[in-house]
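Have a look at the picture, then read on.

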Amino acid sequence: MNHDAYDDTYIRSILNSVKTIAMVGASPVNVRPSYFAFKYLAERGYDMIPVNPGHVGKSLVGKPFVASLKDIGRPIDMIDIFRNSSHIMPVVDEALTLSPLPKVIWMQLGARDDAAAAKAEAAGLKVVMNRCPKIEYGRLSSEISWMGVNSRTLSSKRAPMPTHGQRLSLNRMSVGGGSTLAADRAAKDKLDPA
Amino acid sequence: MTDNSPGFATLAIHAGAQPDPTTGARTTPIYQTTSFVFNDADHAASLFGLQAFGNIYTRIGNPTNAVLEERVAALEGGTAALAVASGHAAQVVVLQQLLKPGDEFVAARKLYGGSINQFTHAFKSFGWNVAWADPDEPETFERAVTPRTKAIFIESIANPSGSITDIEAVAAVARKAGVPLIVDNTLASPYLIRPIEHGADIVVHSLTKFLAGHGNSLGGIIVDAGTFDWSKDGKYPMLSEPRPEYHGIKLQETFGNFAFAIACRVLGLRDLGPALSPFNAFMILTGIETLPLRMQKHCENSKAIAEWLSTHPAVAAVNYAGLANNKYNQLARKYAPKGAGAVFTFSLKGGYDAGVNLVSKLKLFSHLANVGDTRSLVIHPASTTHSQLDDAAKTKAGAGPDIVRLSIGIEDKEDLIADLDQAMS
């Protein structure tokens, strides 16, 4: 798996197949990126579980916090890690003790740990690094285009009808569109200065 | 076409646009509305808090404008864009995100006269101080950088002189200084030059010119390359610090590599107000569909006319970078191999009076203050666009008293040459 650039089909297949997502490092503070992403994904029908030992007893958009992955007590499809690169490995190690195993490890924008990724992939999990599932959902549904963002997709098919008013779904046929090679290169240089 | 790399002409037609979900309309509809209904109070709060993507009010965003934004972002290879009312508005909005009163930016001396005025006078009243550098000598940018410098600004092809800037050399200065490089790519359009590929962090356009192409609609746009790390040293608090306008959100942390475009929208456009009319966005989108074809013809005509002018006995000099003997020809071959653009100047042996006489006798060329139209245009910069500069500054800007500027259209070149010939005889 090339973790510098993912095919849209890979990202789309993950976002179309997972249902239960545990977000490690979720924050109840409503201006934090993890809060934005958690709320957005919950509104799109994902079964979201906030994981953060510092906030047990509170809830995030109605979902109670748990202290660790082990405390969830039911199968999880995807673990979305909102932690710095240096804190990824212990989360992956814990994820690999779960039964059944989760299907996907997703590391947030700015987070990348190739060794942790290799370990998860060796156990049969899919891995995404340095991406935000909210941005990827918005991009592939073309919802993010409302903010003038280059979705890097093109489509000549009638767009799916928005659900719940302005929300668009992932049910959209597209091909590759305008690339953002300079930004991709800058992201790589930042995470791997060598 | 491979799945991941459609060509430029395909993007010019398709990027950002998709058949309308409700009606199946294939052309992008003009969403001529000020505002958009919310699903419920929670949805409204999510939109206002930047937690959801969606439409609120046309001063902040509009679906027609959004298609234009995504299209230009795709053509430039940027992560996102923001359309505004004019090229001048784009410049105000960009610098508002980067500079505080007392800060500085370094700008090329060879710029559109309106930009020189805006930087010198209007921005001075905001406390944004410009330092000038010579785009023909990239080291002058480095000398002009101080600890208060927050950005460097150049034009890819300079107006009116048609000279080509060594973008990579200036980008190296910007990287060393730790500031973003802003490139005004109006005269090249992304068909001829894609500045992001050469190190630009932000690209701005007057859409009014070649992108729209028909001289019927004003517009401007800001493209975020997604390349600059706004949070590395605290110099750009609009992007790196909690914003009181949005209850403490940090924009780069939240929006990643398109945070600058979002800042321009939610801190610039929202609060300064220079929104683009959706009708203009529609006109500009229609123009962009034919950008590749038009630019080919603009460049073909320009080269033929520049060559013809350089053999004319009344002409003292032709400043077109597409001519083999031009000072900028090597840079043109590197940065704009498909053509050196369609705006250039020439001088007449008869000086100022001959220039004024030529302008008055032309029958097909229109005498007006615009460039990048389907129609061929002519102007005498010294008495119009650059009239507020003194003679020395006019000459430094490439707009000396003997200079005539042409913007070559896409008419038959034989008719344009015949018009110039009769006007010079």
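Helices here are DSSP runs of H or I with at least four residues, strands are runs of E with at least two, and both are numbered from the N terminus. This is a predicted model, in which local features need pLDDT of at least 70 and side-chain atom pairs count only at pLDDT 80 or more, while totals for chains, interfaces and linings use all residues. Residues are numbered from 1 along each chain as its sequence is written, chains are lettered from A and ligands numbered from 1 in the order in which they are written, and side-chain values use heavy atoms, leaving out hydrogens and water.

So how well covered is H5(A) itself? Nine of its nine residues are buried (buried is under 20% relative accessible area, exposed is over 50%, partly exposed is in between, with a 1.4 Å probe and protein chains only). Among them are Tyr137(A), Arg139(A) and Leu140(A). These buried residues pack against H1, H2, S5, S6 and S8 of chain A, and also against helix H10 (251–255) of chain B.

**Where the chains meet**

Ser142(A) turns up again as a contact of Gln18(B), along with Ser155(A), Lys157(A), Arg26(B) and others, leaving aside neighbours within four places in sequence (contact means heavy atoms within 4.5 Å). Gln18(B) sits in the loop between helices H1 and H2 of chain B, and it counts as buried because its relative accessibility is 17%. Its side chain also makes a polar contact with the side chain of Ser155(A), at 3.4 Å. A polar contact is a pair of N or O atoms within 3.5 Å; within protein, one must be able to donate a hydrogen and the other to accept it, and residues adjacent in sequence count only if both atoms are side-chain atoms.

Zooming out, 49 residues from chain A and 59 residues from chain B take part in the contact. About 4,300 Å² is buried between the chains, 54% of it from carbon and sulfur atoms; this is the accessible area (1.4 Å probe) that the two parts lose on being put together, summed over both. Trp146(A), Met147(A) and Gln166(A) supply 16% of the area that chain A buries against chain B, more than any other three residues.

There are 17 residue pairs in polar contact between the chains, both at pLDDT 80 or more. On the side of chain A that touches chain B, H2(A) gives the most, with six residues. Three salt bridges also run between chain A and chain B.

**Salt bridges**

A salt bridge here is a side-chain nitrogen of Lys or Arg within 4 Å of a carboxyl oxygen of Asp or Glu. Over all chains the count comes to 28. Here are some of them, with N to O distances.

| Pair | Distance |
|---|---|
| Lys39(A) and Asp42(B) | 3.7 Å |
| Asp4(A) and Arg112(A) | 2.9 Å |
| Arg148(B) and Asp103(B) | 2.9 Å |
| Glu300(B) and Lys413(B) | 3.0 Å |

Glu300(B) is in helix H13(B) and Lys413(B) in helix H17(B), so their pair ties together parts 113 residues apart in sequence. Salt bridges that share partners also join Asp4(A), Arg112(A), Asp114(A) and Lys188(A) into one network.

**The strands**

Back in chain A, strand S1(A) (residues 20–24) has five of its five residues buried. Its faces are both covered: Thr20(A), Ala22(A) and Val24(A) lie on one side, Ile21(A) and Met23(A) on the other. S1(A) runs parallel to S2(A), joined by five bridges (two strands pair if DSSP finds at least two bridges between them). Ile21(A) has Met48(A) as its bridge partner in S2(A). S1(A) also pairs with S5(A), in the parallel sense, over four bridges, and Val24(A) stands opposite Ile81(A) there.

Chain B has an open sheet of five strands in the order S8-S9-S12-S11-S10, with mixed pairing. Its edge strands are S8(B) and S10(B), each pairing on one side only. Inside this sheet, S9(B) and S12(B) run antiparallel and are joined by five bridges.
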